[in-house]
Amino acid sequence: MDTPSASQQRVTELLAQWSHGDDAALAELTPLVYEELRRLAHHHMGGERPEHTLQTTALVNEAYLRLADQTNPSWQNRAHFFALAARAMRQILVNYAKSYRAQKRGGGAIKVELDEAAIVSPEQSKAIVDLNEALERLGTLDSRKARVVELKYFGGLNHGEIAEVMKISTVTVRRDWVFARAWLYTELHDAR
């Protein structure tokens, strides 16, 4: 497994301090994790037009607010934090994609703000919903493999970090990733 850098170790220390009620740790933590969250969000928003910089910012802000709003966080380490960030980003993207599709079909009961609607394009909303549905199917067959995909794809974690979060070996993570990626490819391409 990769040796954590000084900043990764500092993030883990600050998360622990924040978990124990030190609000000053949150102030120091924010700039350290914000850029990493932006990188993850930018990865998800890669298919969008370059002039839509607000999309990444909106996704990061929404995910960060969900994480920072927890009353009694119990962060284990940096990898655990980013694993939860990955899950938050996935849920945000899926919710917005579903609400966009519902509006497109005339289901105007869900009000979506302009910034929220700009997060995903019509093409991306279908792809995100399709991927989420395929991940849910994979989760019913093998929840561990689905979690590996979520952490890698939505969280941007490397194999060592995924192994740490899931408490499995990196070899198992690699094997699960290869299998899940092939399974999802087949699922998503057979659905067309």
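Here are some questions and answers about this predicted model.

Q: How many helices and how many strands does the chain have?
A: Reading from the N terminus, the elements go α-α-α-α-α-α-α-α-α. That leaves the tally at 9 helices and 0 strands.

Q: What share of the contacts between residues at least 6 apart in sequence joins residues at least 24 apart?
A: The chain has 192 residues, and 41% of them count as buried. It exposes about 10500 Å², with carbon and sulfur atoms supplying 53% of that. As for the contacts between residues at least 6 apart, the share joining residues at least 24 apart is 64%.

Q: Leaving aside neighbours within four places in sequence, which residues is Leu 135 in contact with?
A: Leu 135 is one of the core residues that touch the most other members. Skipping the neighbours within four places in sequence, its contacts are Arg 90, Ala 146, Val 149, Phe 154 and Leu 184.

Q: Is Asn 77 buried or exposed?
A: Asn 77 sits in the loop between α3 and α4. Leaving aside neighbours within four places in sequence, Asn 77 is in contact with Thr 12, Leu 15 and Glu 164. The cut-off for buried is under 20% relative accessible area. At 13%, then, Asn 77 counts as buried.

Q: Which side chain makes a polar contact with the side chain of Asn 77?
A: One polar atom of the Asn 77 side chain lies 3.1 Å from the backbone nitrogen of Ala 79. At 2.5 Å, the side-chain partner is Glu 164.

Q: Which residue caps the N-terminal end of α7?
A: Helix α7 has 12 residues and reaches 16 Å from its first C-alpha to its last, close to the 16 Å expected. Just after α7, Gly 156 takes a positive phi of about 65°. At the N-terminal end, a side-chain oxygen lies 3.2 Å from the backbone nitrogen of Arg 144, and that oxygen belongs to Asp 142.

Q: Which residues do salt bridges that share partners join into one network?
A: The structure holds 11 salt bridges. Two of the buried residues of α7, Arg 147 and Glu 150, belong to this network.

Q: What separates Glu 13 and Arg 10 along helix α1?
A: These two form a salt bridge, with the closest N and O atoms 3.0 Å apart. Both are partly exposed, Glu 13 at 41% and Arg 10 at 26%. Since they are 3 residues apart in α1, the separation is about one helical turn.

Q: How many residues apart are Arg 66 and Glu 62 in helix α3?
A: Their side chains meet in a salt bridge at 3.4 Å, N to O. Arg 66 is partly exposed at 36%, and Glu 62 is partly exposed at 25%. They are separated by about one helical turn, being apart by 4 residues.

Terms used
Residues numbered from 1 in each chain as written. Predicted model: local features only at pLDDT ≥ 70, side-chain atom pairs only at ≥ 80, totals over all residues. Heavy atoms only, no water. Buried < 20%, exposed > 50% of the residue type's maximum accessible area, 1.4 Å probe, protein only. Polar contact = N/O pair within 3.5 Å; in protein donor to acceptor, adjacent residues only side chain to side chain. Contact = heavy atoms within 4.5 Å. Core = buried A, V, L, I, M, F, W, Y, C linked by side-chain atoms within 4.5 Å. Areas by Shrake-Rupley, 256 points an atom, 1.4 Å probe, with all protein chains shown as cover. Expected span 1.5 Å × (residues − 1). Salt bridge = Lys/Arg side-chain N within 4 Å of Asp/Glu carboxyl O.
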